[in-house]
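Colleague: I'm new to this one. Can you walk me through a few spots in it?
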Amino acid sequence: MNETIEFSATVSATTRNGVLVVTIDNPPVNATSVDVRSGLAKALAHAEAVAEVTSVVITGAGKTFVGGADIREFGTPVMEPTLPAVIEKIENLSKPVVAALNGAALGGGLEVALACHYRVAAPAAQVGLPEVKLGIVPGAGGTQRLPRLIGIPAALDLITSGRSVKAEEALKLEIIDVVAAEDLVEAAISAASALGSKPLRRTGELTLAAADPAEIEKVSAKILARARGQKAPAEAVRLVTSSNRPLTEGLADERATFLALRDSSEAAALRYVFFAERESSKVEDLEGVQPRPVNTIGICGLGLMGSGIAVAALGAGYSVIGLDQTAEAAEKGKERIIGLLERNVASGRLDQTGFEAQKARLSVTATDPELAPCDLVVEAVFDDLAVKTDLFRRLDKVIHPDAVLATNTSYLNPDEIAAATAHPQRVLGLHFFSPVHVMRLLEVVRCAETAPNVLATGLAVAKKLRKLPVVTGVAEGFIGNRIFSAYRREAEFLLEDGALPHEIDAALEDYGFPMGLFAVYDMAGLEIAWARRKRQAATRDPSARYVEIADTLCEAGRLGQKAGRGWYAYPDGKRTIDPEVTAIIEAARTKKGITPRTFPREEILGRLLSAMAAEGKALLAEGIANRASDIDLVMINGYGFPAHRGGPMFLNG
């Protein structure tokens with residue numbers, strides 16, 4: 001048996017048939033910490049110096065090859081050896097080096113693999129360069145070696161999107177050389193032995209494949225438009241499209257760019273968001289609390305929201321029983337769900353076998369007792385208190401005692417819904433965002449009597465659904481809609497004070513929001529918010545400032561995009577500024593005796609961001625939100641706040 005050599009606390013090796021098999025073991029994700037880098041450098045020096053070693057295999061322990069850089073080292077002085085230096089040693093080693101990708105090779109992990117002379121991957125492996133998601137670019141050769149390996153267009157796509165690809169796609173792109181169905185390390189050893197007699201294929205020495213300059217320009221323009229002012233994607237485009245220069249020059253430019261971006265406010269904001277996501281599901285008094293088992297989920301109401309929840313649940317491996325008012329409505333709901341699954345097949349997100357399996361786990365009914373097997377029931381019925389409480393009273397009679405009841409209400413008080421049930425401790429809120437298949441955010445609402453293991457169940461299910469759970473207490477609109485209401489109110493004050501809808505929208509879009517506030521209203525439809533304002537009219541404080549402009553638009557039939565006109569007009573479906581809306585706004589100002597003034601974009605933004613932050617502080621003071629970072633996650637993932645700005649609380653921290 002070969003002796004194990006410890007090159008550092010996280011890097012060890014054994015020699016098998018002349019092949020030095022180097023294993024990185026730095027849980028949880030084998031990040032390239034200084035100890036890993038030092039260990040790899042020593043292992044490479046050993047391989048070079050020992051004649052009996054004919055080649056090298058580098059692999060990872062556990063389920064990850066290398067998950068990227070050690071993010072804890074960001075913002076600290078650089079410690080030697082640097083990752084680029086280690087990678088240069090790998091590429092320039094006189095003996096073959098093979099990467100055995102046992103799992104994810106992300107960021108620095110893929111850069112290590114790119115420097116190897118051959119790449120073998122397990123079927124479960126995935127590769128990617130996600131640095132742009134942290135406001136930086138690859139800093140150890142990714143922008144220079146990947147284009148040499150797969151061409152500029154494909155490299156642009158991967159690096160500027162930050163997406164990871166599974167082994168099968170990586171093989172097609174020629175990022176990896178082979179997928180090993182059986183023993184990965186054995187396959188890598190065989191490959192390393194076979195390479196011994198051949199000239200080494202060093203990625204940095206490959207000739208860049210010719211590409212159509214017009215096509216590259218077109219792709220680059222799309223990426224820059226999508227980046228909405230973010231620096232990292234723009235710098236990635238520049239580095240990748242100039243990768244036909246000498247490698248040393250490109251690597252030096254890449255490293256300098258990486259270091260400059262690493263210390264930028266954009267990267268600081270995205271690191272904050274990264275850590276905020278890790279923290280979001282941690283709830284102090286839930287430590288050690290086990291969730292209730294959930295295998296079957298019932299969904300009441302099979303409209304757009306209910307169908308979306310069903311698709312998410314089926315995709316997570318749950319069995320789903322859908323309930324609607326009539327057998328006909330239930331069947332229509334089933335058709336809608338199957339249609340969404342078919343779209344997943346068409347887009348490649350689901351294969352035919354998976355589709356058949358998910359379809360087999362779906363059933364629908366119009367009869368309450370058929371929900372008896374459910375461990376969790378989510379209601380997605382009309383947002384009316386009487387409708388929801390009646391449903392939950394009926395469910396009390398048919399579901400088993402340990403089953404959890406969840407309301408998807410946006411604005412109603414879930415405590416009132418829970419109080420109408422026989423077991424309020426098993427009720428919580430699961431506020432999904434539409435469209436469910438796109439939106440990651442899920443507000444997990446802790447009611448006054450929600451049992452700890454019921455809240456833990458909500459969090460566990462959210463994670464399995466691949467959602468980002470944020471715990472909130474009970475308040476009208478919870479975290480997101482309450483802040484949205486405050487910032488919408490401030491936007492309407494701005495209208496009365498002198499700004500116009502398109503000016504406010506332009507300020508938001510220029511800041512990085514995907515769509516301005518008034519354009520969003522039109523897309524969603526103005527009638528729901530109008531109905532809510534009418535319900536609240538009787539209890540509204542008469543001394544509080546109230547803007548009637550939106551009501552006037554609704555009364556005129558301007559209900560949004562689907563009506564062809566709202567805050568904007570939509571001739572031929574294209575959004576245009578409407579003089580009629582301007583006239584309505586001017587009339588409202590005149591009625592109140594307001595002399596309008598011009599607002600620069602900075603002031604518009606300042607007022608809107610301050611309104612968000614002020615409401616966020618109130619939510620923290622009231623104990624509705626657990627932490628400021630939770631509020632930022634809700635605004636980023638539910639309301640389009642640009643992640644590279646960090647969120648309203650981050651900005652006001």
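This is a predicted model: local features need pLDDT of at least 70, side-chain atom pairs count only at pLDDT 80 or more; totals for chains, interfaces and linings use all residues.

Colleague: How are the rings of Tyr 487 and Phe 513 placed, stacked or tilted?

Modeller: The pair counts as tilted, because the planes are at 35°. The ring centres are 6.5 Å apart.

Colleague: And where do Tyr 487 and Phe 513 sit in the chain?

Modeller: Tyr 487 is in helix 18 (residues 480–497), while Phe 513 is in the loop between helix 19 (501–511) and helix 20 (517–524).

Colleague: Which residues form one aromatic cluster?

Modeller: Tyr 487 and Phe 513 are in it, and other members include Phe 433, Trp 567 and Tyr 639.

Colleague: How many aromatic pairs does the count come to?

Modeller: The count is 13. One of them is Phe 433 with Tyr 639, an edge-to-face pair with 5.7 Å centre to centre and 85° between the planes. Phe 433 is in the loop between strand 17 (427–432) and strand 18 (441–445) and Tyr 639 is in helix 25 (residues 628–639), so this pair ties together parts 206 residues apart in sequence.

Colleague: New topic: what sits over the ring of Tyr 546?

Modeller: The charged end of Arg 540, 3.8 Å from the ring centre. Likewise, Lys 464 has its charged end over the ring of Tyr 318, 4.5 Å from the centre.

Colleague: Last one: why is helix 3 largely enclosed by the rest of the structure?

Modeller: Because eight of the eight residues of helix 3 (residues 108–115) are buried. Among them are Leu 110, Glu 111 and Val 112.

Key. Residues are numbered from 1 along each chain as its sequence is written. Side-chain values use heavy atoms; hydrogens and water are left out. Buried means under 20% relative accessible area, exposed over 50%, partly exposed in between (1.4 Å probe, protein chains only). Helices (H or I, at least four residues) and strands (E, at least two) are DSSP runs, numbered from the N terminus. Rings of Phe, Tyr and Trp (its six-membered ring) pair if their centres lie within 6.5 Å; planes under 30 degrees apart count as stacked, over 60 as edge-to-face and the rest as tilted. A charge sits over a ring if NZ of Lys or CZ of Arg is within 6 Å of the ring centre and within 35 degrees of the ring normal.
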